[in-house]
Amino acid sequence: MTQIVAKYSRLQIALHWTIALLVLFQLVFGESMTTVVDAAEEGQTASGADQFLASAHYWVGLSVLALVAVRILVRAAIGAPPPAAASKPIEFASRAMHMLFYVLLVAVPVTGLMALYVSDEFGDIHAAAKPIFIGMIALHALAALLHHWVLKDGTLGRMLPSKVRDGM
């Protein structure tokens, strides 16, 4: 079943992929923050590279939080294209996954800030999100590929820049 599906705005696409890349950075390089915090607690100094990456983790986390706020405001202002025709369970799973992504994209930076400024105990909550994010990203990517290669409903193309989408 092939159908033309309305796409997201350029701003929504840019926000989606920018946030995705920033989250990927956090997942790959975020351990440096733990290294720096642990070193400080032990009265030691972490390496310059770890200090740089920990600082980057902090600022990238703030950027994710700010961009997610913009994304939510844009979504509220201009909405989203209607979902591709799908069964009720698939539509429910899609909505649930996107809602959980939004919750995590707000809660994880907030708990990271709370770990730094309120209590170390928030650090455990912050760190627990990493495997959840990885699992959700994997499911999200698999679902996008399923829509593209099996269902052929145009869903993946809605969130790709025109140059990429037109070359598919």
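**Figure 1. A salt bridge links Lys-130 to Glu-31.** In this predicted model, the closest N and O atoms of Lys-130 and Glu-31 are 3.0 Å apart. Lys-130 belongs to helix α5 and Glu-31 to helix α2 (residues 31-41), so this pair ties together parts of the protein that are 99 residues apart in sequence. Side chains of opposite charge can pair when their charged atoms come close. The count of salt bridges for the model comes to two.

**Figure 2. The whole protein is built from six helices and zero strands.** Before the next close-ups, here is the overall layout. Followed along the sequence, the pattern reads α-α-α-α-α-α. Along the principal axes, the C-alpha atoms fill a box of roughly 60 × 30 × 30 Å. The mean pLDDT is 89, and 92% of the residues reach 70 or more.

**Figure 3. Helix α4 packs against helix α5.** Two packed helices are described by the angle between their axes and the distance between the axes. For α4 (residues 88-117) and α5 (residues 121-151), the angle is about 150° and the axes are 9 Å apart. Because that angle is over 145 degrees, α4 is roughly antiparallel to α5. Their crossing is left-handed. Which residues make the contact? On the α4 side they include Ile-90, Met-97, Leu-100, Phe-101, Leu-104 and Val-108. Among those on the α5 side are Phe-122, Ile-125, Ala-129, Ile-132, Phe-133 and Met-136. Histidines take part too, including His-98 of α4 and His-126, His-140 and His-147 of α5. By class, this α4 and α5 contact has 17 nonpolar, seven polar and no charged residues.

**Figure 4. Helix α1 packs against helix α3.** Here α1 (residues 10-29) meets α3 (residues 48-78) at an angle of about 155°, with 9 Å between the axes. That makes α1 roughly antiparallel to α3. The two helices pass each other in a left-handed crossing. What classes of residue make up this contact? It divides into 16 nonpolar, seven polar and two charged residues.

**Figure 5. Helix α1 also packs against helix α5.** The angle between α1 and α5 is about 135°, and their axes are 11 Å apart. The two helices are therefore oblique to each other. As α1 passes α5, the crossing is left-handed. From α1, the contact draws on His-16, Val-23 and Leu-27. From α5 come Lys-130, Phe-133, Ile-134, Ile-137 and His-140. Five of these residues are nonpolar, two are polar and one is charged. Look for Lys-130 in this view: that residue also forms the salt bridge with Glu-31.

Figure 6. Where pLDDT is low, the predicted coordinates should not be read in detail.

Terms used. Residues numbered from 1 in each chain as written. Predicted model: local features only at pLDDT ≥ 70, side-chain atom pairs only at ≥ 80, totals over all residues. Heavy atoms only, no water. pLDDT = per-residue confidence, 0-100. Axes fitted to C-alpha atoms, helices over the stretch in contact; angles between N-to-C directions. Helix = DSSP H or I, 4+ residues; strand = E, 2+ residues; numbered from the N terminus. Parallel < 35°, antiparallel > 145°, perpendicular 65-115°, else oblique. Left-handed = near helix turned anticlockwise from the far one by under 90°. Contact = heavy atoms within 4.5 Å. Nonpolar A, V, L, I, M, F, W, Y, C, P; charged D, E, K, R; others polar. Salt bridge = Lys/Arg side-chain N within 4 Å of Asp/Glu carboxyl O.
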